[in-house]
Every structure is written in structure tokens, then in C-alpha cells.
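Please look over the sequence and the model before reading on.

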Amino acid sequence: MASGTTLGIDIGGTKVGVALVDVHGNVLSSDRFPSGIEMAPDDFIGQTLLLARQLKSATGAEIDAVGVGAAGQIEPVTGVVRESPNLVQLGNFPLKARLEGAFNVPAFVTNDVRAAAFGEWQRGAGRGVSDMVALFVGTGVGGGIIHDNRVVAGATGTAGEIGHITIDMDGAPCRCRNRGCLESLAGGWAIALRAQQAIASNPREGTAILDLCGGQADSIAASTVSQAFHNGDPLAGRIVEETARALAAGITSMVHAFNPRMVVLGGGVIEGTPELIDMAKQQVFQSALPAATGPLEIVKAHLGGDAIVIGAALMARRSLEGNV
């Protein structure tokens, strides 16, 4: 491992981000290419190789490992993608083995949100903290857990599915098989759905939100609600308050279960409505056991869109050393 440069890959729903990351977690160079949910695995490998060669040529760096953050369920030892909502043809695909064959270097494949949590722990908001929970609230809700300076993976590699802890046993159906999950109350799709349902029952109340999307209720997104909230709309304010309560309930459960020193909040919903952090924080400190909250900090993520590529690259390097 002479160069100390790792290729970090973020497999998103509409694009694949690729970055050269040094041993310290600094992004040397990065680029992306469009993907699409039906992209074939061979096309993904080929496009990634092409982009990696361009980045190498621009920087003069040599790649000695590859790290991938992919949405879905990953078999932790073999790096087989059990299922992937972003690239459906990667389902049951031996991604680790194929990347190692293509790049002729070791590869490491993990869940994208776990990679983002690792990145925030090593290079972002959680630097220097030994016990941390990261919660990323975007279209869905996911997370990662660091305990005693190690990533918590679980028996089958699925630990950190914080979005699917139950907040309300009789709550709204989630996109998983459960009801009342944190994601079904605080995820971007759930925020949009609650706004649509509220407007369907009282169109006059939803005028401000509808005006932001041309009167088309099916075009309402979490970002629409966020914009209306910042414009002072009462309905949007109520939805944001409900979201904050759900987040606080989920965070309180994590605080009681894992006693972290820090909770890091990130993702598109948090970026769009950062007020959620203080709103949820206040409720957590009112609800959680004082013994668990004494040293607790609840903070915003720092790395933004680079969290997955940085985290995946650093996890790949750690895996070579047997320390992930």
C-alpha cells in the first residue's frame, strides 16, 4: 500500500459518485456519472473504471483499495449485495469480487449510511468520540452506530437500521413490512405524504404549500414543506413539529440503548430544515434519562455529500488492517 490512496464509491439513486481519498480522509479528486435504477452491473463497473482512470491521470495517484457505500443489504464478508434500491440489477451481485477483479486491488462493500456514519466519525462531526450514533434523514432514514471505537455491524451486518425502529405501534404503514417506524414519520417521503393527506382533508389550509408546487398536490416533497415552513406557513410548521417529535423519540431510544457521547444528524431533510436539530434536542433532553444525557451532544453532520465516499474509502483501508 505505497500510495495510501483509496477509491471511494457512492452508489446513489440517480448518480454514482467516485473520489480518490488519501489515508487521512481528504478528497484528492472526485467526479460522478449518471446511473439510473436499471443500470446493468457491467455498465456500472465499466463506468467506474473509466472515471477512476481519469481521476488517477489528473492526480498521479495510484489506487490500492476500493471502498463502496451502497444502499440496501450487504453481505458483510463476501460483499454480495443482497438487494439494492438504487441499482436493482445489483441484487445478489458479487460486487466485492467483481471490483477486485476489475481493479486488481482489495475492495470493501458496505451500506451507504454506515459508510457515511464512519466518515462523520473519522473526519467529520464525531472526530475524537468513541461512542456515537449517526442518523441521516433523507427520503428514507438510516444510521450507523459506533461503540467503543468500532462500528456496530450486528450478527448479519444489518445493525443501524434506525429508520425502522418502532415509534408508534399503531402508526402509519412504512415501506418495510412494519408500521409506525421512525422513517414512516420523519423520512422525506412521509413528510410529503402527511402534507398531501392534510391538504386533501382541508385544501384551504394547504394553500401556501400548494402555491409552491403549482397547485399539484402530488408534486409536494419534503423540500416543499421546508420552504413553506421557512415562509411561516402554519400547516408546514405543524408538520415540522411532528417530524421533530418523531426524531426526538427515535434519538431518545438510541440514547437509552447505546448511551452515545454524540448523536450526529444529517441528510437532506436536516440540511433543508436544520431547525429540526434544536427542536428534537430540546425534547430528547426532556425525555431521556439524565444519566444518559449528561455528556451527550446532538450536532449537525459536517461532511455533506462527501460523507459516503470518505467513509467507504476509510472503511476499506481499515478492513485491510482488520480494524473495522
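## Basis of the description

This is a predicted model, in which local features need pLDDT of at least 70 and side-chain atom pairs count only at pLDDT 80 or more, while totals for chains, interfaces and linings use all residues. Residues are numbered from 1 along each chain as its sequence is written, and side-chain values use heavy atoms, with hydrogens and water left out.

Helices (H or I, at least four residues) and strands (E, at least two) are DSSP runs, numbered from the N terminus. Contact means heavy atoms within 4.5 Å.

In helix 2 (residues 95-103), L95, L99 and F103 are buried. They lie on the same side of helix 2, because the arc they cover around the axis is only 45°; this arc is that of the directions from the helix axis to the C-beta atoms. An α-helix has 3.6 residues a turn, so residues three or four places apart point the same way. Buried means under 20% relative accessible area, exposed over 50%, and partly exposed in between (1.4 Å probe, protein chains only).

After helix 2 comes N104, with a positive phi near 60°. N104 belongs to the loop between helix 2 and strand 8 and counts as exposed because its relative accessibility is 69%.

Five strands, in the order 11-10-9-12-13, make up an open sheet with mixed pairing. Its edge strands, strand 11 (150-151) and strand 13 (297-300), each pair on one side only. Two strands pair if DSSP finds at least two bridges between them. Strand 10 (residues 141-147) and strand 11 run antiparallel and are joined by two bridges. Helix 8 (residues 234-258) packs on the sheet, where it touches strand 9 (132-137), strand 10, strand 12 (262-266) and strand 13.

## The largest nonpolar core

A nonpolar core is a set of buried Ala, Val, Leu, Ile, Met, Phe, Trp, Tyr and Cys residues joined through side-chain atoms within 4.5 Å. The largest one has 44 residues, among which L135 and I251 touch the most other members. Helix 8 supplies the largest share of this core, 11 residues. Not counting residues up to four places away in sequence, the contacts of L135 include V141, I162, L182, L247, I251 and V264.

Technical notes. Axes fitted to C-alpha atoms, helices over the stretch in contact; angles between N-to-C directions.
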